[in-house]
Amino acid sequence: FQNDYKVPFIDLYIPIDLIGQGAFGIVLSVIDIKKKKKLAVKIISKNGHKEEFYLIEAELLKKLNHEKILKFHDVINTENYLFIFTDLCEGGSLKDFILSRYNSKDDIFIKDSECSIIIKNLLQGIEYLSQNGVIHRDLKPENIMFKKVNDLNSLVICDLGIAGELKNIFSFMDDKCGTLTFMAPEIIMDRPYDKLVDIWSAGIIMYILESGGKSISLFFLRFFANNSFLF
């Protein structure tokens, strides 16, 4: 890290494992030597990437403080890389949870009791974002994590990279973004929208959970067939 002086990464953090990799860079689990605590660090290469989007996410995470929102710890901006430190989620993503049940040889799908815990925790996080004028805009199983293994109540919302902030309670947004499968109709139709689009995404997630992850394709075939104006 280069500020007034150079400090090697491994003098401050001990790498444990590679837990994610994408076009932006990598995500590592590390031990903060000074705090003696496990953290996750997203390392973004500035080569060919617009680091301002990740800086916006870091600045937004700084403002938020809720048990259902991934906790931000620090951001370090160097010449070639951007390091964003957050809590480590050792329980994997909601997508991992769904796939584990989907691929189960015993056909053990998600119980109603499990679904209710997941949705309750998810809505608590959405409520907090809404109360602070924040719209996530990309809620999906990949962006929902569990801090602890086998603990559905440890759910946290993460990846606020394309989240938006409303100017006031009467304002709307109109830029089109998100993942199509979980995108609310008003976004698809290029209409002004507000915080309710996150509730739509939560509804799609609940449908996937209740169907054991096996009925979503049929649902969307029927949905688009009955709403041809969306195309």
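This is a predicted model: local features need pLDDT of at least 70, side-chain atom pairs count only at pLDDT 80 or more; totals for chains, interfaces and linings use all residues.
The protein has 6 helices and 9 strands. Of its 231 residues, 47% are buried. Counting contacts between residues at least 6 apart in sequence, 55% join residues at least 24 apart.

An α-helix has 3.6 residues a turn, so residues three or four places apart point the same way. After α3 comes G133, which has a positive phi, near 70°.

In soluble globular proteins, nonpolar side chains tend to be buried together. The largest nonpolar core here has 41 residues, and those touching the most other members are L64, I84, L94, L122, L160 and L209. The largest share of this core comes from α3, with 7 residues. L209 is in contact with C115, I118 and I119, and also with L94, I98 and I110, when its neighbours within four places in sequence are left aside.

Rolling a probe the size of a water molecule over the atoms shows where empty space is left. The largest pocket holds about 700 Å³ of space. It is lined by 26 residues, and V27, K42, M145, C158 and D159 are the closest to its centre. β1 (13–21), β3 (37–45), α1 (51–63) and β5 (81–87) are the elements that each give two or more residues to this lining. By class, the lining of the largest pocket consists of 14 nonpolar, 5 polar and 7 charged residues.

The model has 2 cavities of 30 Å³ or more, and the largest cavity has a volume of about 50 Å³. Its lining is made up of R137, D138, L139, G178, T179, F182, M183, A184, I187, V197 and S201. Of these residues, 6 are nonpolar, 3 polar and 2 charged.

K95 lies in helix α2, residues 94–102. This residue counts as partly exposed because its relative accessibility is 36%, between the 20% limit for buried and the 50% limit for exposed. Apart from neighbours within four places in sequence, K95 is in contact with P141 and E142. The C-alpha atoms of K95 and I144 are separated by 7.9 Å, although the two residues are 49 apart along the chain.

Most residues other than glycine have a negative phi, and most peptide bonds are trans. K36 is not a glycine, yet has a positive phi of about 55°. K36 sits in the loop between β2 (25–32) and β3, and is exposed, with a relative accessible area of 74%. D190, also a residue other than glycine, has a positive phi near 55°.

Definitions and conventions: Residues are numbered from 1 along each chain as its sequence is written. Side-chain values use heavy atoms; hydrogens and water are left out. On a 1 Å grid over the protein atoms alone, a cavity is a set of points where a 1.4 Å probe fits but cannot get out, and a pocket is an open set with protein on both sides within 12 Å along at least five of seven lines; lining residues have an atom within 4 Å of a point. Grid points are joined across faces, edges and corners, and a volume is the space filled by probe spheres set on the points. Ala, Val, Leu, Ile, Met, Phe, Trp, Tyr, Cys and Pro count as nonpolar, Asp, Glu, Lys and Arg as charged, and the others, Gly among them, as polar. Helices (H or I, at least four residues) and strands (E, at least two) are DSSP runs, numbered from the N terminus. A nonpolar core is a set of buried Ala, Val, Leu, Ile, Met, Phe, Trp, Tyr and Cys residues joined through side-chain atoms within 4.5 Å. Buried means under 20% relative accessible area, exposed over 50%, partly exposed in between (1.4 Å probe, protein chains only). Contact means heavy atoms within 4.5 Å.
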